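Hello,

Here is the structure we talked about handing over. My notes on it follow below.

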Amino acid sequence: MKRIAGLIGRTALSCWHHGSPRLPPAWVPGPPSSSCLQVRHLAAKQNKGQFKGEKFKSKPVKPEKQQKQEVEIKQRMTVAELAKAMNKDIDHVYEALLNTEVDLDELEPDTLLEEKWIKEAVKRSGMKHRWAKLVETKVRENKDIQKTPPPDPAQLVPRAPVVTIMGHVDHGKTTLLDSLRKSQIAAQEAGGITQHIGAFRVQLPSGEKITFLDTPGHAAFSAMRARGAMVTDIVILVVAADDGVMKQTIESIQHAKKAKVSIVVAVNKCDKPQADPHRVKEELVGHDVVCEEFGGEIQAIHVSALKGDNLLELAEATVALAEVLELKGDPTGLVEGTVIESRTDKGKGPVTTAIIQRGTLRKGCTLVAGKCWAKVRFMFDEHDQVVCEAGPSIAVEIVGWKDLPSAGEEILEVESEQRAREVVEWRSYMEEQDKLKEEQQVIEAKQKQHDDSYKRERESMAHLSWRQRRAAMYRANKHKLTHRASEKTDMEELTLPVIIKGDVDGSVEAILNILESYDAGDQCQLDVVHFGVGDISEKDITLAETFSGIIYGFNVDANKSIQQMAAKKDIPLRLHRVIYKLIDELKDDLSSKLSPTTEENIIGEASVLATFDVTVGKKKISVAGCRVQKGFLDKKMKFRLIRGREILWEGSLTTMKHLKDDVQTVKTGMDCGLSLDNEELQYKPGDEIVCYSESELKQKISWDPGF
C-alpha cells in the first residue's frame with residue numbers, strides 16, 4: 001500500500017510538470033496518454049474468505065480504551081488543593097462546578113469543598129477519584145525528665161538558709177552586700193567574689209553559715225518564683241531610714257509574699273541625722289509587714305551598711321529565723337538545683353552559677369538545664385577555688401556546659417550523656433511545636449479577621465461574577481502599567497513601585513484587595529506596576545529594574561539564576577508563605593521611603609541683660625551680655641533669638657565668653673557674653689536666647705490594613 005501511495009505521488013508530480021493546471025480531485029485509472037507516463041497497476045493479494053470481485057477492505061483497528069486520570073482526594077479539600085491534585089488551574093475547578101448548587105461568587109481558592117462537590121468536579125473533568133491513604137503519624141515518646149519524688153524525712157539533714165537581699169536601688173542594698181563580703185573575706189583578699197559567682201557565704205562566730213544571693217533588682221527573683229524553684233528561703237528587705245517605703249520596696253514585698261518566703265527588715269542608713277526608723281516601720285504596716293515593735297512577727301534590725309553597724313545582729317536574726325523554719329535538705333540522690341546566673345568565660349567557656357537544692361554535685365555528673373546539658377568538668381566556690389563536691393544550699397560555679405542556659409532554669413541530673421541529649425532534643429521539639437501552634441492560632445485569627453473585612457468590602461461588587469470582578473480589578477490597575485521611568489517627576493520621588501506575584505490567581509486577588517485599602521498616599525504613593533501568577537521570571541526582574549521597584553512573591557519561588565540576576569541588579573526579592581508577613585514587610589518598605597522627622601530638644605535658656613560693642617581689629621561686634629536661666633549653653637549647638645513671641649534669628653554662635661575667657665559651655669546661673677553669626681542683628685535687654693539640639697526620628701507609614 002505504501003508503494004501505491006508513492007506511485008500516486010510521483011504520477012501527480014509528473015502531470016504537474018507536464019502542464020496540468022492542478023491535480024485531479026481523485027486519481028482514476030485511464031488509457032495511456034502522451035502527456036503522462038504510463039503506470040502499471042499492482043494487484044493486492046486477496047485475503048482468505050474474500051469473494052472475487054469484492055472490493056478490498058482493511059481490517060478495522062480496535063481503538064485502545066483510554067485510561068482515566070486518577071485524582072487523589074481527601075476530606076475537607078480547598079479549591080486550590082483540588083486543582084493541584086487534578087493538575088489543573090483553579091479556573092478549571094470553577095468551570096467544572098458550573099450549573100451546580102455551588103455559589104461560584106462565594107468560592108475562593110481557600111474555600112473548603114464538601115465531599116460530593118469534590119467528587120462531582122472530578123467526574124465532570126473526565127477523571128476518577130481515589131481516597132488518599134491515611135498516614136498514621138507516630139506520637140513521639142515523651143523523653144523529658146521529671147524531678148524525683150520527695151525524699152524520706154529520715155534522710156534529711158539541716159542546711160544553711162539561702163537569703164536574697166532586696167529593696168530600692170538607692171536604699172543601700174549594694175553597700176550592704178559589700179559590707180557583708182568585707183566582714184567575711186577581708187583577710188582572704190577576694191573582693192570581687194560576687195561579680196564572679198553571684199552568691200557568697202557568711203560564717204558566724206558560732207559556726208552557722210548563711211548563703212547570700214546577689215541578684216540585682218527583683219526581675220531574676222520573679223523569674224525564679226515563676227519557675228517554681230524554691231531557691232530563696234528568706235528575704236532581707238532593705239529600707240532607707242531617711243527615705244521610707246518606695247515603689248520598688250512595695251514590689252519586693254509583693255514578690256516575697258507571692259513566693260511565700262519569710263521577711264527580715266533591715267532599716268539602713270540609721271547613721272544619718274534625718275533618719276527616722278520608726279516612720280519606716282509605720283509605713284511598712286500599711287503593706288502588711290508588721291514588725292515586732294507593733295506586735296507582729298517580722299524582725300527589724302537597724303543597720304548602717306556604710307559603717308558596718310549591726311551587720312552581725314542582722315546575720316544572727318537571719319539564722320534565728322532559719323532555725324524556726326527548720327530548713328533541711330537531702331544530700332543523697334540525683335542532683336537538683338537552679339541557675340542563678342550564666343556567662344561565657346574566655347578560658348572556661350559557658351559557665352553557670354547554681355544553687356544546689358538536693359543531692360551532692362560532683363565532678364563528672366551529667367546535668368540538664370532547659371535546652372542545655374553539661375558534663376561537669378570543674379566546680380569553683382565563692383573564693384574561685386576548685387571544689388570537689390557541693391551539697392544543698394551551696395552556690396558553685398559549674399564548668400562543662402555545651403551551651404549557655406538561661407538564669408532561673410531548673411538543673412536536673414541524668415544518668416548518662418545519651419539521656420541528656422534525648423531530654424534536650426525533646427524539649428527543643430516541644431518548644432518548636434508550641435511555637436507552631438501559636439503561629440497557627442495567630443494566622444487563623446488574622447485570617448478570620450481578614451475574611452470578615454473582605455466580605456464587607458466586597459458587598460458593593462456582590463452582583464458581579466468572579467470573572468467580572470477580576471476583570472474590573474484588572475481594568476482598575478491597567479493604567480499603572482503604562483507609566484515609564486522617564487515620565488517620573490520630582491513630586492513622585494516618594495513612590496514605592498511594587499510587583500506582585502502569586503501561586504494562583506486567587507492569591508494575587510487577595511493581595512490586591514488588601515492593597516486597595518491603602519490610604520497613606522499623602523505620605524508615600526504605592527504603585528502596582530505589575531501583578532501576575534507564577535514564579536519570579538526575568539521579565540519581573542526587568543520591570544523591577546525599570547521602575548526601581550520591589551518584587552513581592554506569595555507562595556512562589558525564584559530559581560538560583562533569577563536570584564543571582566536580582567542580586568546583580570540590586571532588585572529586592574520578598575518571598576513569603578504567609579500573606580500577613582508579606583504585608584508587614586511591605587509596610588516596613590513604605591516606612592523606609594519616608595524622610596525622617598526632626599525633633600527639637602531644648603538644652604538651655606538665657607536672658608539678655610545688657611548689650612555692648614567690642615572692637616576686634618577694625619570691626620565692631622555687638623555682644624549680648626546674658627545670664628543662663630535654665631539648663632546650660634553649649635557653643636556647638638544651635639541657637640535661637642526670641643523677642644516677645646517672635647523668632648528673630650536662628651543659627652550658631654561665633655563667640656561665647658565667661659569673664660574674659662572663651663568657654664565651650666555655660667551652666668545655670670552663670671553670666672556670659674555671646675556674639676551671633678548675624679552681625680546686623682541688634683539685641684535688646686529682655687530678649688531670650690535658646691540653645692537647642694535637633695535629632696532625627698524615623699517615620700512609620702500610617703496605613704493600617706486591619707491586621
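**Aromatic pairs and other contacts**

The count of aromatic pairs in this structure comes to three. Please keep in mind that the model is predicted.

One of the pairs is F378 with F380: the ring centres are 6.4 Å apart and the planes stand at 35°, so this pair is tilted. That label follows because planes under 30 degrees apart would count as stacked and those over 60 as edge-to-face. F378 is partly exposed, at 36% relative accessible area, whereas F380 is buried, at 11%.

Another pair is W426 with Y429, with 5.8 Å between the ring centres and 40° between the planes, so it is tilted as well. Both residues belong to helix α11, which covers residues 417–457. They are three residues apart there, which means a separation of about one helical turn. W426 is buried, with a relative accessible area of 9%. Y429 has 24% and counts as partly exposed.

Charged side chains also sit over rings. K348 lies over the face of F380, 3.9 Å from the ring centre, so F380 has a part both in this contact and in the tilted pair with F378. Elsewhere, R640 lies over the face of Y692, at 4.2 Å from the ring centre.

**Strands and sheets**

There is an open sheet of six strands, in the order β7-β8-β6-β9-β10-β11, and its pairing is mixed. Its edge strands are β7 (199–203) and β11 (300–302), each of which pairs on one side only. On average, neighbouring strands of the sheet are turned by 30° against each other, direction ignored.

Within this sheet, β9 (residues 234–240) and β10 (residues 262–268) run parallel and are joined by seven bridges. I234 has S262 in β10 as its bridge partner.

Strand β1 (residues 70–73) pairs elsewhere, with two faces to look at. Which residues are on its covered face, and which on the uncovered one? V71 and I73 are on the covered face, and E70 and E72 on the uncovered one. In a regular strand, side chains alternate between the two faces of the sheet.

The partner of β1 is strand β4 (residues 128–131), and the two pair in the parallel sense over four bridges. E72, from the uncovered face of β1, stands opposite R130 in β4.

Regards

Notes: Residues numbered from 1 in each chain as written. Predicted model: local features only at pLDDT ≥ 70, side-chain atom pairs only at ≥ 80, totals over all residues. Heavy atoms only, no water. Pairing = 2+ DSSP bridges. Axes fitted to C-alpha atoms, helices over the stretch in contact; angles between N-to-C directions. Phe/Tyr/Trp six-rings, centres within 6.5 Å; stacked < 30°, edge-to-face > 60°. Buried < 20%, exposed > 50% of the residue type's maximum accessible area, 1.4 Å probe, protein only. Lys NZ or Arg CZ within 6 Å of the ring centre and 35° of its normal.
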